[in-house]
Amino acid sequence: MKRITAVVVALVALLIVPAQGLAAKKSPSGKGSHKPAAAAACPTQSYQYDSGGAPGSGPVNDPLFPHQWALDQMNTPEAWARGATGANTTIAVVDTGVDLQHPDLSSKIVAGHDFVASNGDCPAGPQDENGHGTHVAGIAAAVTDNGIGVAGVAPDAKIMPVRVLDADGSGASDDVAAGIVWAADHGAEVINLSLGELPIVGQLEPLNAEIEAAVTHAWDAGSLVVAAAGNETFPLCSYPSFADHAVCVGATDSRGLPSYYSNFPNNKTMLGFRAPGGVGSVFCEDDEDIWSTMWPGSTYDCTGSGSLSGYDTLAGTSMASPQVAGVAALLSGQGLTNQQIVDRLKATSSNHGAYDPIMGYGIVDADAATQ
């Protein structure tokens, strides 16, 4: 049994427990030490959530939408305008959990599962005690056009929180595999995995047989697994994104160029894409990175004068993966199967059906994909 960690980009790239381990892919943003703290006590703890400002007047009225350059890079508002919103689709966020009380997420959440409850988490259940999973969930499917916070790629998709990583953002590979299977068996059309192995270990199938089998199970059940490539500037994806049937996602910056930290989107079946992940700024709430929802109890959430409680920017392939998961949900909402979604993404991303080892099939285009 290996240990795994979450994938945000801090200048320390993929955070993984020293022995053997799978971890959530940590972001290169480098904002402080980024060791999230668990909630102090199990009794109900309330947090203040800022709105992000006054409602806007763009395609949607979420105050932070004008700062979400990622949505424009993928031509997402154009897809929304034609009615592609991910209705009747569920995205499983297999991660550190999701903030179940967040006002930009709570109405979207369906029943999930906690695979690390035995670790003494407080409170029990798939409540995020780290912040990573909440950020991932908001990118994919935050409530949109509600006058607060951010917009999600798939405005009408549901979010299934599957907690497989603990308050430190690490966990065991067998829990991750179980989480993938559970999500597929409970109706998730799309499964996002912003977590992974370090290079070398992350490309060895014998050491990742549980993950490989779980991804295959999900595919056979009709689900599509979308996973982060990793943050080590390595030429290959790392498990679980290295698996057969996994969509591997590398990151781009606001100019559409490959982010310096991102692994290249090359997995076993050459099923790789790029999507917005940010530059990896050292500053809090930097528009060069990716705005999304945040659990206010997390040390990822900036504090101090002018900072927004409940929203922040992070960078990493962790942030790129849910962009693609959201586009996959738009396609699922149009009735496409997992194979049809893959074929559509290949044909319509920025390389127009061609594959190269740096960009994969290119930057995902929500508008072109959903036409």
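The text below takes helix contacts first, then the cavity, then the backbone.

The model is predicted; local features need pLDDT of at least 70, side-chain atom pairs count only at pLDDT 80 or more, and totals for chains, interfaces and linings use all residues. Residues are numbered from 1 along each chain as its sequence is written, and side-chain values use heavy atoms, with hydrogens and water left out.

**Helix packing**

Helices (H or I, at least four residues) and strands (E, at least two) are DSSP runs, numbered from the N terminus. Axes are lines fitted to C-alpha atoms, for helices over the stretch in contact, and angles run from 0 to 180 degrees between N-to-C directions.

| Helix pair | Axis distance | Crossing angle |
|---|---|---|
| α4 (residues 173–185) and α5 (residues 209–220) | within 9 Å | roughly 5° |
| α6 (residues 317–333) and α7 (residues 338–348) | 10 Å | about 120° |
| α3 (residues 132–141) and α6 | within 8 Å | roughly 35° |

Start with α4 and α5, whose axes cross at roughly 5°. That makes α4 roughly parallel to α5 (angles under 35 degrees count as such). Contact means heavy atoms within 4.5 Å. From α4, S173, D174, V176, A177, I180, V181, A184 and D185 take part, facing E210, I211, A214, V215, H217 and A218 of α5. This contact has 9 nonpolar, 2 polar and 3 charged residues. Here Ala, Val, Leu, Ile, Met, Phe, Trp, Tyr, Cys and Pro count as nonpolar, Asp, Glu, Lys and Arg as charged, and the others, Gly among them, as polar.

Helix α6 has a right-handed crossing with α7. A crossing is right-handed if the near helix is turned clockwise from the far one by less than a right angle. V324, V327, A328, L331 and S332 of α6 meet I341, R344 and L345 of α7. The classes are 6 nonpolar, 1 polar and 1 charged.

The crossing of α3 with α6 is also right-handed. H132, H135, V136, I139 and A140 of α3 touch S318, M319, P322, Q323 and G326 of α6. That contact splits into 5 nonpolar, 5 polar and no charged residues.

**The cavity**

The structure holds 1 cavity of 30 Å³ or more. On a 1 Å grid over the protein atoms alone, a cavity is a set of points where a 1.4 Å probe fits but cannot get out, and lining residues have an atom within 4 Å of a point. Grid points are joined across faces, edges and corners, and a volume is the space filled by probe spheres set on the points. The largest cavity has a volume of about 80 Å³. Its lining is H67, Q68, W69, A70, L71, I139, A151, V153, D289, I290, W291 and Q323. Two elements give two or more residues each: α1 (69–73) and β12 (290–293). Helix α1 gives the most, with 3 residues. The lining has 8 nonpolar, 3 polar and 1 charged residues.

**Backbone**

Most residues other than glycine have a negative phi, and most peptide bonds are trans. The bond from Y239 to P240 is cis, with omega near 10°. P240 lies in the loop between β9 (224–228) and β10 (246–252). H245 is in the loop between β9 and β10. Phi of H245 is positive, near 75°.

Methods. Parallel < 35°, antiparallel > 145°, perpendicular 65-115°, else oblique. 1 Å grid on protein atoms, 1.4 Å probe; cavity = no way out; pocket = protein on both sides within 12 Å on 5 of 7 lines; lining within 4 Å.
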